[in-house]
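Here are a few notes to go with your first look at this one. Have the view open and follow the points in order.

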Amino acid sequence: MCPSPVLFELSGEHPTLPAAEALACLRAESPGSRQLALGPGYVLAECDIGSLPYVAGRLGLTHRFGRYLGSCDLQELESMTSRLDLPSGSVCVRARKVEGSFPEVNAHDLARKVGKVLSKQHDIDLTAPDLTIRVLLSERAHLFISQYEIDRKAFDRRKVAERPFFSPISLHPRYARALINLTEAKRGDTVLDPFCGTGGIVLEAALMGMRAMGSDIDPEMVKGCGRNLEHFGVQGEVLVADVGDVPSIFGKVGSVATDPPYGRAVSTKKEDIDILYRRGIRASADVLSPGSRAGIVLPREATTNEMELQELYRQRVHRSLTRHYHIFIRR
């Protein structure tokens, strides 16, 4: 199929992670895709439209996305709308402002104005339209047809407190999924979490169609991880193992995604946390082939000789914890 421009309306819950996740997911599902534009609350990319259902099944930090119609300054919006070449059928118009943009504009009134222009050639249906036209107000007005909407409530149904076995410091499912996507793992790839804990990352990998694998030194964690996988109806291979034994147990895997313990209220078997992190990074490198990626979340920035740091994202959780999302590539 010919590549087409697609606009992703991002969640905005982190300044850079949502766009990075969307682009990494496209690289995994639509080789040859490329970024066309990036701005507050959105990313515009050219990709194979046949890949979009798979992309929709992976994303965690995007609201919705679909066929890009165009961009303009606000005063040109009605004129541009009148020139749109849309498929036949009824339409509904929705508008949303990226936080901080166009404070003087009422998004509901704007949607009505755009709908009035479109009503000259299309029936307006606010309940069950054939097409939903989105107007995203960022630095300009961006229009697209909303074709895929991410069910963000599904992630909340899998959040820490909703699992049979949980630890309060686990990543939220949306961020666990974003971490996996940032490794550019493909469907069917083996994704390994060598510090699986209660299994949040293993669970998301399994739900994304990966071969999900994990290990932990604590038998209770491994048992609890198994309970969580069973509760949500997915399968994964989870074993009790010290991180140093991971390469000999699992061999080569497609990617690593892990959120090691932070040294507070968790079991590290009294091992110095910095030594544990170094062993974990080394083990992650050993299970990867050259060019493969590891996504490792740590409470501070880390470096290694075994892998090259490709990307680093910081997420402030509270005053005493900032998560650092490292994306390493095996040399």
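This is a predicted model: local features need pLDDT of at least 70, side-chain atom pairs count only at pLDDT 80 or more; totals for chains, interfaces and linings use all residues.

1. Strand 13 (residues 293–298) and strand 15 (residues 321–330) run antiparallel, and six bridges hold them together.

2. What is the order of its seven strands? Reading across, you get 11-10-9-12-13-15-14; the sheet is open and its pairing is mixed. At the edges you'll find strand 11 (237–240) and strand 14 (307–318), each with pairing on one side only. On average, neighbouring strands here are turned by 20 degrees against each other, direction ignored.

3. Which helix packs on this sheet? Look for helix 7 (residues 200–207), which touches strand 9 (190–193), strand 10 (211–216), strand 11 and strand 12 (255–258). The direction of helix 7 makes about 170 degrees with that of strand 10.

4. For the whole chain, count 10 helices and 15 strands. Among contacts between residues at least 6 apart in sequence, 69% link residues at least 24 apart.

5. On overall dimensions, the C-alpha atoms fill a box of roughly 70 × 35 × 35 Å along the principal axes.

6. Finally, the surface: 54% of the 331 residues count as buried. The chain exposes about 15,300 Å², with 48% of that supplied by carbon and sulfur atoms.

Methods: Residues are numbered from 1 along each chain as its sequence is written. Side-chain values use heavy atoms; hydrogens and water are left out. Two strands pair if DSSP finds at least two bridges between them. Helices (H or I, at least four residues) and strands (E, at least two) are DSSP runs, numbered from the N terminus. Axes are lines fitted to C-alpha atoms, for helices over the stretch in contact, and angles run from 0 to 180 degrees between N-to-C directions. Contact means heavy atoms within 4.5 Å. Buried means under 20% relative accessible area, exposed over 50%, partly exposed in between (1.4 Å probe, protein chains only). Accessible areas come from the Shrake-Rupley method with a 1.4 Å probe; for residues, only the protein chains shown count as cover.
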